[in-house]
Amino acid sequence: RTDELAAANTELKEQIKQKQEFEKLLQESLEKEKELNQLKSRFISTASHEFRTPLTAIFTSTELIQRYSQKWSEEKKAGHIERIKGSVVYLTGLIDNLLNISRAEAGKLLFKPENINLKDLCLNSIEEAKHLAADSLDIKFNFNSRNEIFKLDHSLIHSVLQNLLSNACKYSPEGGTILTEVNSDTDKIFISVADEGIGIPEDDIPKLFEPFHRANNINEIRGTGLGLSIVKNAIDMHNGDIRIESALGKGTKFIISLPVEE
């Protein structure tokens, strides 16, 4: 009877332990679901603002051109046209990001590597970024690779460059230099984008590639928290790697390595 009681006691303890573990897992699951819902709610609010701001800029500039363009100098008209172009570029990038993150979550993000001119793609992406950049920013480009043609997915790499350059422009409010560099050897392609902006807090770096996550020091700088998640997905699909070097108040550098494919 003593042995039976001991066995029953042991079984009861095991059941209690399993119940506690289950309750712990359930609580963690509920907390994660709550956090995800909060992130999604914040994203919807942020995305609405992100669309509204450039649309307002387009509408305002268009209306002003219609009313007063005959009295304006060519320089002033060109300034408003550049403002419209910049807003269109920003909206296009935002829509691309939303589509890419939706496709990635559904497992439908296409990967179509083909021979592309990486130098031309970088130059085009930099020209797009200049529409978003402040006049005080100096955007430079060094292409140090002997080869210009590489087998990559044009759309995904364009998205990577677009997001990294956009972030570099956004988080360099006091000016400085943004430098994009491309190097290669027989096995790897190396792409880096470096700025002299606000930098990233060390605690935020491990979470930067999670959807909707934004660093704690961004203040009122606009953004959805999707760009770096899209960058990571695109790099992973190329079997590549991305790392971050950053210091608060000194800037951030993203370094990408991609395998060279014949």
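Ala, Val, Leu, Ile, Met, Phe, Trp, Tyr, Cys and Pro are counted here as nonpolar, Asp, Glu, Lys and Arg as charged, and the others, Gly among them, as polar. On this basis, the residues lining the largest cavity of the predicted model comprise 15 nonpolar, 14 polar and four charged. The lining of the largest cavity consists of 33 residues, with N163, N167, K170, Y171 and G227 nearest the centre. At least two lining residues come from each of α2 (74-105), α4, α5 (227-237) and β7 (251-259); the greatest contribution is that of α4, with seven residues.

Helix α4 (residues 154-170) also gives the most to the lining of the second largest pocket, where three of its residues take part.

Two aromatic pairs are present in the structure. In the pair formed by Y68 and W72, the ring centres lie 6.4 Å apart and the planes meet at 35°, so the arrangement is tilted. Y68 has a relative accessible area of 36% and is therefore partly exposed, whereas W72, at 15% relative accessibility, counts as buried, the cut-off for burial being under 20%.

Key:
Residues are numbered from 1 along each chain as its sequence is written. This is a predicted model: local features need pLDDT of at least 70, side-chain atom pairs count only at pLDDT 80 or more; totals for chains, interfaces and linings use all residues. Side-chain values use heavy atoms; hydrogens and water are left out. Rings of Phe, Tyr and Trp (its six-membered ring) pair if their centres lie within 6.5 Å; planes under 30 degrees apart count as stacked, over 60 as edge-to-face and the rest as tilted. Buried means under 20% relative accessible area, exposed over 50%, partly exposed in between (1.4 Å probe, protein chains only). Helices (H or I, at least four residues) and strands (E, at least two) are DSSP runs, numbered from the N terminus. On a 1 Å grid over the protein atoms alone, a cavity is a set of points where a 1.4 Å probe fits but cannot get out, and a pocket is an open set with protein on both sides within 12 Å along at least five of seven lines; lining residues have an atom within 4 Å of a point.
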